[in-house]
Amino acid sequence: MNLPSRFLLLIARLPGTTFAAGLTLVSMTQPAPAATATTPVELIERAAFFGNPTRAQARLSPDGKWLSWLAPRDGVLNIWVAPIDSLDAAKPLTSEKKRPIREHYWSQNSRLVLFINDAGGDENFLLYGVDVASGALRNFTPFQKTRAAIVGTSTSKPDEILVGLNNRNPQFHDIHRLNVTTGELTLVLENNAWAGFVPDDTLRLRLAQRQTPAGGFEVFELSADHKPAAQPLLAVAPEDSLTTNVLTYTTDGSLLYVLDSRGRDTSALVALDQKGGPSRPIAQSGQADVGDVLLHPRTRVAQAYRVNYLKPEWFAIDPALKPDLDFLQRELKGDVQITSRTTDDRLWTVAVDPVIAPAAFHLYDRAAKKLTRLFVMRPELEGKPLAPMHPVEIKTRDGLTLTAFLSLPLGADANGDARPEQPLPMVLNVHGGPWARDSYGFHPEHQWMANRGYAVLSVNYRGSSGLGKKFLNAANGEFAGKMHHDLIDAVNWAVAEKIAPAERIAIYGGSYGGYATLVGLTFTPDVFACGVDIVGPSSLVTLIESFPAYWAPFLEATWYKRVGDPRTKEGREDLLARSPISRVTAIKKPLLIAQGANDPRVTQKESDQLVAIMKQKQIPVTYALYSDEGHGFARPQNRTSFYAVTEAFLAKHLGGRFQPAGNDFDGSSLVVPEGADNVPGLPEALAAKPPAP
């Protein structure tokens, strides 16, 4: 269950690329024989897909003197740094012992590396900075039950940033100016009304956003003393509220960039002239929303944009950048992402995703047109039998077109037509959100499942983002309705295309995907052979009523209007009618549930209450619970144990092959309060598991 993207950009988290840490495998036992109809290929170790990467997330300091990345230190992801001209002199900057660091960023003064981290998955992220020269670590936001977020950075004030903190009122983030050199935190605005803010390069708050009772939002210009204008600069109706998003000002303040779907279906990149001129669309596509926008590191002028329908594609806005994009695409085969740029724009770090090989990072010298390979994230996957991904389109019963992505076991599709020679057991892997999407690219779960002998299908059901507002709004009021029909239509397509036999299809997913799994086993109990629910809600009423306080500023515009309103009797009854908890007795097929005890989005209550009813009704269920995790599993030991359990569960019910657990449970907090006997080898692995540290 995700926050809408516009709030992520305005106040919810640090900007940048999220990296999910995975498994660490200590030792292996021999794999079980393959039970599928495909020719067996090498069984790739789980750790190669989900374990800690060798290195990840390359970042250049703005002055171009340093390169940083994430890499394990004593088995935990930490920040490392090296001089750009002496990468062999790398040193670790941090020494986290338990919770991995998953995102990091440079301060504009190039003296500190910033990162956020929480405790046990509670999403109370605090902001830290570590001095590159001295290694001194500082907690800039040493508060309890607080979620910190960077609101603005500045090239003209490189020692300062704006930080949002909800330590005074958990619903709203007060805005503070932080001097990253001295650590001084100064209150700028006590916030009691606004969902988000947009500053300019001087770190003056220029815009503030709030939701409307109708379910849309308004954006107001702020005076120097933070008084809002009498009329909104932007008035966004409910149908545009998740596809319109204020981005940023150019450094000189002359333009304001907005991703805007008003008056069109797909979001366009629009420039609003701040000197009285007309607004103008500068990038758009008829197939999908404009997604990523590449801004010049000093001027913040938009230079390129990306559109992602079946495959992602970059387009240049600035003609001066087109030769660089063409060169990178020609030299690096796959999806190219520019992950950092120096202020003078001479050096870039570039990641490439080849889909059938692990991602790699390169250093690009623009002046010399020179690429230097920095590292491969997962070198243990190089040369391994990885499966291609096939983008497909699927028609729904009511005429929508779904974009979907199919992976088949290597060797199962001799002529490469995205159809196996004979039907295979299949996993329908449902993305979370629901206002998110699946995309073409290297997908570790696709690769893992395909390697075990399964066809894997991920579907952008209605409500998925990035595909226009009509497609997104088609999901309004359709939890357990047409959103689920889309998944069933995809299953029927796979059966009709002889990709999978109807009786050997599993449903699997996390967050909304976990809810979809529970809906699949309760609303359509005869369709799936089994289900895996990861942090999925069982009741839409208790889900919405337990959301974190800082979600309040946008609940009206998203959950109440798009899903349902538990504050009214009619709304509550409707939400319960679409909740799996109301249909528990319909469950016929095996179910595996995994839950983090500290999850603030989908709380442990969602899994506990479902398991309690199933136990009372004597309906078999396996429940995996992690005491030190939240909305997903960050610690590699926990992920190791989860994927080991899931692999054995799927093998039992779909017939694929699996790698025995061995000592994959070591160091995890896993407990199985219910149903361990339902999974092959699980009781023995739990008995052999050392106590958690």
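I began with the rule for a charge over a ring: NZ of Lys or CZ of Arg has to be within 6 Å of the ring centre and within 35 degrees of the ring normal. I also noted that this is a predicted model.

**Charges over rings.** With that rule in hand, I found Arg-206 over the face of Tyr-249, at 4.3 Å from the ring centre. I then looked up Arg-583, and its charged end sits over the ring of Phe-523, 3.9 Å from the centre.

**Ring pairs.** How many aromatic pairs does the structure hold? I noted 23 of them.

I picked Trp-448 and Tyr-643: their ring centres are 4.9 Å apart and the planes are at 90 degrees, so I wrote down edge-to-face. Trp-448 belongs to helix 4 and Tyr-643 to helix 12, so this pair links distant parts of the chain, 195 residues apart. Are these two residues buried or exposed? Both Trp-448 and Tyr-643 are buried.

My next pair was Phe-479 and Tyr-512. Their centres lie 5.1 Å apart with planes at 80 degrees, so this pair is edge-to-face. I found Phe-479 in the loop between helix 5 and helix 6, and Tyr-512 in helix 7, 33 residues apart. Phe-479 and Tyr-512 are both buried.

**A cluster.** Last, I followed the ring pairs onward from there. They link Phe-479 and Tyr-512 into a cluster with Trp-435, Tyr-461, Tyr-515, Phe-547, Trp-551, Phe-554 and Trp-559.

Technical notes:
Residues numbered from 1 in each chain as written. Predicted model: local features only at pLDDT ≥ 70, side-chain atom pairs only at ≥ 80, totals over all residues. Heavy atoms only, no water. Phe/Tyr/Trp six-rings, centres within 6.5 Å; stacked < 30°, edge-to-face > 60°. Helix = DSSP H or I, 4+ residues; strand = E, 2+ residues; numbered from the N terminus. Buried < 20%, exposed > 50% of the residue type's maximum accessible area, 1.4 Å probe, protein only.
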